[in-house]
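Work through the following exercises with the sequence and the model side by side, and try each task before you read its solution.

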Amino acid sequence: MLEWILILIVVAAIAAFLGMGRVTGAALSGAKILVVLALIIGVLSLLGVLAA
């Protein structure tokens with residue numbers, strides 16, 4: 001999941017450099033969603049809710 005977050009941030013940076021505002025916004029929105037999802041999964045696994 002971290003790999004996807006980094007890819008989306010790089011895509012957003014390149015799109016911002018090239019002046020593509022909508023692509024930048026979409027990539028950053030996707031990255032934000034993945035960061036929140038990763039944090040939720042991390043906290044739940046720390047609490048032992050997702051014991052495998």
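How many helices and how many strands does the protein have? The protein has 2 helices and 0 strands, where helices (H or I, at least four residues) and strands (E, at least two) are DSSP runs, numbered from the N terminus. This is a predicted model, in which local features need pLDDT of at least 70 and side-chain atom pairs count only at pLDDT 80 or more, while totals for chains, interfaces and linings use all residues. Residues are numbered from 1 along each chain as its sequence is written, and side-chain values use heavy atoms, with hydrogens and water left out.

**Exercise 1. Compare the overall dimensions of the protein with those of a compact globule.**

A compact globule of 52 residues would come out near 10 Å, but the protein has 14 Å. Step two is to look along the principal axes, where the C-alpha trace spans about 45 × 15 × 10 Å. Step three is to ask how much is covered: buried residues make up 13% of the 52 residues, where buried means under 20% relative accessible area, exposed over 50%, and partly exposed in between (1.4 Å probe, protein chains only).

**Exercise 2. Find the buried side of α1 and say what it packs against.**

Begin with the buried residues of α1, which are Ile5, Ala12 and Ala15. They cover an arc of only 95° around the axis, which puts them on the same side of α1; the arc is that of the directions from the helix axis to the C-beta atoms. Finally, the buried residues of α1 pack against α2, and what covers the buried residues of α2, namely Thr24, Ala27, Ala31 and Leu34, includes α1.

**Exercise 3. Follow the packing through Ala12 and Thr24.**

Ala12 lies in helix α1 and is buried, with a relative accessible area of 4%. Leaving aside neighbours within four places in sequence, Ala12 is in contact (heavy atoms within 4.5 Å) with Thr24, Ala27 and Leu28. Thr24, which lies in helix α2 (residues 21–47), is buried with a relative accessible area of 13%. With the neighbours within four places again set aside, Thr24 is in contact with Ala12, Ala15 and Ala16.

**Exercise 4. Locate the glycines with positive phi and describe the one after α2.**

Just after α1, Gly19 takes a positive phi of about 85°. α2 is followed by Gly48, whose phi is positive, near 85°. At 42% relative accessibility, Gly48 counts as partly exposed. Gly48 and Ala13 are 35 residues apart in sequence and 36 Å apart in space, C-alpha to C-alpha.

Technical notes:
The radius of gyration is taken over C-alpha atoms; the globule rule is 2.2 Å times the number of residues to the power 0.38.
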